[in-house]
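Please study the sequence and the structure before reading each solution.

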Amino acid sequence: MTDWKKLYSALPEEELDKIAILRVMECTNGIIQYAHRGDADYKLPIEETRKAMKFSMSSIKNMQIPLRDETITFAPETEDLMRQARDFYIKGAKQGDDDAYEEFMSISKATAQVVGKERIFKACDILEEQVDAFPKGCMIWGVEYLMQFL
């Protein structure tokens with residue numbers, strides 16, 4: 001099993017800031033999607049769900065997060081790690097490979113622990129201020145999800 005915590009810990013501080021933003025965004029998007037699919041009481045209207053999903057999926061696929069004041073891009077080594085995580089997610093969550101899903105969850109835990117609570121909360125603030133694709137107040141959902149790993 002790969003030591004994801006060691007790999008992410010070796011990244012520069014600036015890259016960890018960016019990873020925190022990506023993780024809060026994608027976790028928030030996941031919760032929005034599950035709420036919609038599960039017809040949860042707190043689900044967003046379909047238009048807002050689609051808008052959040054489109055922004056998040058585009059950012060993940062392109063490894064660029066367009067903020068109001070700048071576009072976040074990742075260093076090649078960070079991008080490589082994040083693409084590996086995405087591959088495990090697709091194999092595990094979308095294709096039903098339990099081992100891949102377990103590896104993805106190990107990566108999720110490692111990234112949350114490496115970036116830490118302070119960065120996660122700062123990422124939430126940045127996304128709330130700089131991204132209009134998510135309704136105000138939703139980003140805390142991703143933060144709350146990530147807190148389980150700390």
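Two residues are in contact when heavy atoms lie within 4.5 Å. The model is predicted, so local features need pLDDT of at least 70 and side-chain atom pairs count only at pLDDT 80 or more, while totals for chains, interfaces and linings use all residues. Residues are numbered from 1 along each chain as its sequence is written, and side-chain values use heavy atoms, with hydrogens and water left out.

**Exercise 1.** Determine which residues Val114 is in contact with, and whether Val114 is buried or exposed.

Solution. Begin with the location: Val114 belongs to helix H5, residues 98–130 (helices are DSSP runs of H or I with at least four residues, numbered from the N terminus). Next, leaving aside neighbours within four places in sequence, Val114 contacts Lys5, Tyr8, Ser9, Leu16 and Arg119. Of these, Lys5 is 109 residues apart from Val114 along the chain, yet their C-alpha atoms are separated by 6.6 Å. Finally, Val114 has a relative accessible area of 14% and is therefore buried (buried means under 20% relative accessible area, exposed over 50%, and partly exposed in between, with a 1.4 Å probe and protein chains only).

**Exercise 2.** Describe how the axes of H2 and H4 are arranged.

Solution. First, the axes of H2 (residues 13–37) and H4 (residues 76–94) come within 12 Å and cross at roughly 20°. Axes are lines fitted to C-alpha atoms, for helices over the stretch in contact, and angles run from 0 to 180 degrees between N-to-C directions.

**Exercise 3.** State which residues Thr78 and Leu11 touch, not counting residues up to four places away in sequence.

Solution. Thr78, in helix H4, touches Leu11, Glu15 and Ile19. With a relative accessible area of 0%, Thr78 is buried. Leu11 lies in the loop between helix H1 (4–9) and H2, and touches Leu16, Ile19, Glu77, Thr78 and Leu81. Leu11 also counts as buried, at 7% relative accessibility.

**Exercise 4.** How many of the 25 residues of H2 are buried?

Solution. In H2, 18 of the 25 residues are buried, so that the helix is mostly covered.

Key:
Helices (H or I, at least four residues) and strands (E, at least two) are DSSP runs, numbered from the N terminus.
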